[in-house]
Amino acid sequence: MNITGLLAWRNLWRHSRRTWLTVGAMVFCNTLLVFLIAIQLGSYRMMIDNTLSAFTGHLQVQHLGYLEEQKMRQTVPEAAALASRLAEEPHVEATAARAVTFALASSEQRSFGIQLTGVQPALETQVSSYPGLVSRGRYLQQGDDAAIVLGSILARNLKVAPGDEVTLLGSGYDGSVAAGVATVVGIIDSGLAEVDRGVAQAPLAWFQQVFALGDRAHSVVLRLDDVNRAPMLVPQIQASLPVGESLVALDWDQLQPGLREAIRSDMVSAWFMYGVLIVLVALSVLNTQLMSVLERTREFGVMLALGLRPQRLGRLVLLETIFLGLIGLLLGVALGALVVLYFDAYGFSYPGMAEAAARFNLPPRIYPQVSLLSLFLGPLTVFLGALLAAVYPALRLLRLQPVAAMRAV
Amino acid sequence: MSAIHCRDLCKTFHQGEEEITGLDHVSLDIEAGSFVALVGPSGSGKTTLLNAMGGLDRPDSGEIVLGDTRIDTLDQGELADLRLNRIGFVFQSYNLVPVLSARENVEFVMQLQGVGAQERAARAEAVLAEIGLEGLSGRRPAELSGGQQQRVAVARAIASEPQLILADEPTANLDSHSATQLMELFVHLNREHKVTFVMATHDTRVMRYARRVVSLQDGRIESDQRTPEAVE
Ligand SMILES: Nc1ncnc2c1ncn2[C@@H]1O[C@H](COP(=O)(O)OP(=O)(O)OP(=O)(O)O)[C@@H](O)[C@H]1O
Ligand SMILES: [Mg+2]
């Protein structure tokens, strides 16, 4: 075996307690980082999944410019047919067409301006979680005609309940006045005020008839087998759209730009905390290596006298740190993996989390993301931090003179 | 040709305000194959002279030629190579790398020289056998006596087949028996391998092994005597 490697390895165990203490700090930090990062990535995934599966979907097909302006006339022609065609594309799990307009909703007692959505009842349940949140009555069904479901706050404001009628007044696709009367069949109660105040859904066919849309709608919503595939699928979906209709495929990042922004800012604050941990570990490595270099000054002096180049001493110290770091890395990743696999099987929650989650319609437990990235990102950063910390003690050795070193006590 | 040629070496150390004379116009020629003892009281400049001859420390002025190489003008890297390939060192103590076995200590220098693993192992075993340590090659320095440690250091020094071995107080920490053993080993190597030995010592037990005794005082050569044996 290479004697420098041997030397480095054995030097590590000269003060085995000190080495284990440093390794222990590393392992602790690495395990913690693996757990925190896996939970963090898992919760981002959950946040994305939940936000998107509520209503937005992973991808949408819209008329060019509709996202910004939401004009009645920016439509997707033959929307229902397009939706069923897109459902056949690889990696697409479900699709549904939607039409949207602003209308004045009136009950016997009150009137409110609302955003009314026309949905394909059977398909909508596959791309959105709203249909599952009906607390009274039922969601729309295939064959419903003049039916409507309302958010709970909206229903309360209008003072309507299932069975009551709501009159809707707006303008049609052709600019004419559009009016219809629909019977409330269900109330959606999501627990989110914004949703409960705003949701109003009616069957697409009825919507198209009342607002003179023909077979047009405003979007086709797609749910994919994996949300991460969305950006890659955009070109494929775009290519399958009819030409000459100014239709665009948009992924969730374009549809909900705030989501990634929120994740990014959360990531920054999380890494600030991780950074503090990593610096602490690096300082403990610095301390260990500096001490071990200082106490070996005489020995290094003899080695230099024999004709060893100072650079080799520097490399020796770096090699020792690499061994030290690798032990910390491997043990930390192994221990972290055990912790993460446990929570992958049983989920992670803290006291009060289930209640809070239920209120916001989130799952009661977080499942960590188990991936090479979540397992190695933290420990590798710690490893690099440790190496960086060893640079200073290593550099000090470059200035060591054999005679002075041998005279040292 | 002499093995070492020193002319007019001066070295002054500065300790704060104080100036300490290390070497004061020292000129000395040492023939190849000779066995020289540098003697003198503590602080007389033995180590300073040895360090200058071994390329460990540079004199302030003067000229040092080792074989055919002028060394006082070499840079640090060149000096390191010179020490590695042409000089063997034995110091007073802490000679060995504590975490390496006797054999690994001997091999270590050969590895630095780029000797292949097989040859390294073979030569290390041979050298350790020659100095009578064949059974102890697997022991770490802490498991060896002081005399055995010094002999391992000698084995390491001769394994690289140097022309010159410089020893600074090699017997200072040894009992008489071990000191005698070590000196007999030196004499043996000096005769068999024609290695030039220069040894700093104030141990009278060992001075008699030398065939030339150079005595220093305050950084100057006070006397330079050849024992009759050397003239034989
Ligand atoms: N690096 C240094 N800094 C300051 N003074 C030094 C240094 N090295 C040697 N000296 C001084 O130079 C003088 C000669 O020292 P040197 O070590 O050569 O003596 P020595 O003959 O080897 O003594 P000893 O028998 O004690 O080993 C001494 O006065 C010593 O204190
Ligand atoms: Mg001395």
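In the predicted model, A:Glu261 and A:Arg264 both belong to helix 11 of chain A, where three residues, about one turn of the helix, separate them. Their side chains form a salt bridge with an N to O distance of 3.3 Å.

A:Arg260 is partly exposed, at 31% relative accessibility. A:Asp253, at 25% relative accessibility, also counts as partly exposed, because the buried class requires a value under 20%.

Helix 11 of chain A spans residues 257-294 and packs against helix 2 of chain A, which spans residues 16-56. The angle between the two helices is about 175°, and their axes lie 10 Å apart. Helix 2 of chain A is therefore roughly antiparallel to helix 11 of chain A, since angles over 145 degrees fall in that class. By residue class, the contact between helix 2 and helix 11 of chain A comprises 24 nonpolar, six polar and two charged residues.

The unreviewed UniProt entry places the feature "transmembrane region" at residues 20-41, 271-295, 316-343 and 370-392 of chain A. For residues 271-295 of chain A, the corresponding values are 96% helix and 0% strand, with the end C-alpha atoms 36 Å apart.

Over all chains, the structure contains 26 salt bridges. Side chains of opposite charge can pair when their charged atoms come close. In chain B, one such contact links the side chains of B:Arg70 and B:Glu63, with an N to O distance of 3.6 Å; this pair meets the salt-bridge criterion because the distance is within 4 Å. B:Arg70 counts as partly exposed, at 38% relative accessibility, whereas B:Glu63 is buried, with a relative accessible area of 19%. The B:Glu63 value places this residue in the buried class because the cut-off is under 20%. B:Arg70 and B:Glu63 also belong to one network with B:Arg7 and B:Asp72, joined by salt bridges that share partners.

Terms used. Residues are numbered from 1 along each chain as its sequence is written. Chains are lettered from A and ligands numbered from 1 in the order in which they are written. This is a predicted model: local features need pLDDT of at least 70, side-chain atom pairs count only at pLDDT 80 or more; totals for chains, interfaces and linings use all residues. Side-chain values use heavy atoms; hydrogens and water are left out. UniProt positions are given in the numbering used here, feature names are shortened, and annotations may be inferred rather than shown by experiment. Helices (H or I, at least four residues) and strands (E, at least two) are DSSP runs, numbered from the N terminus. Axes are lines fitted to C-alpha atoms, for helices over the stretch in contact, and angles run from 0 to 180 degrees between N-to-C directions. Angles under 35 degrees count as roughly parallel, over 145 as roughly antiparallel, 65 to 115 as roughly perpendicular and the rest as oblique. Ala, Val, Leu, Ile, Met, Phe, Trp, Tyr, Cys and Pro count as nonpolar, Asp, Glu, Lys and Arg as charged, and the others, Gly among them, as polar. Buried means under 20% relative accessible area, exposed over 50%, partly exposed in between (1.4 Å probe, protein chains only).
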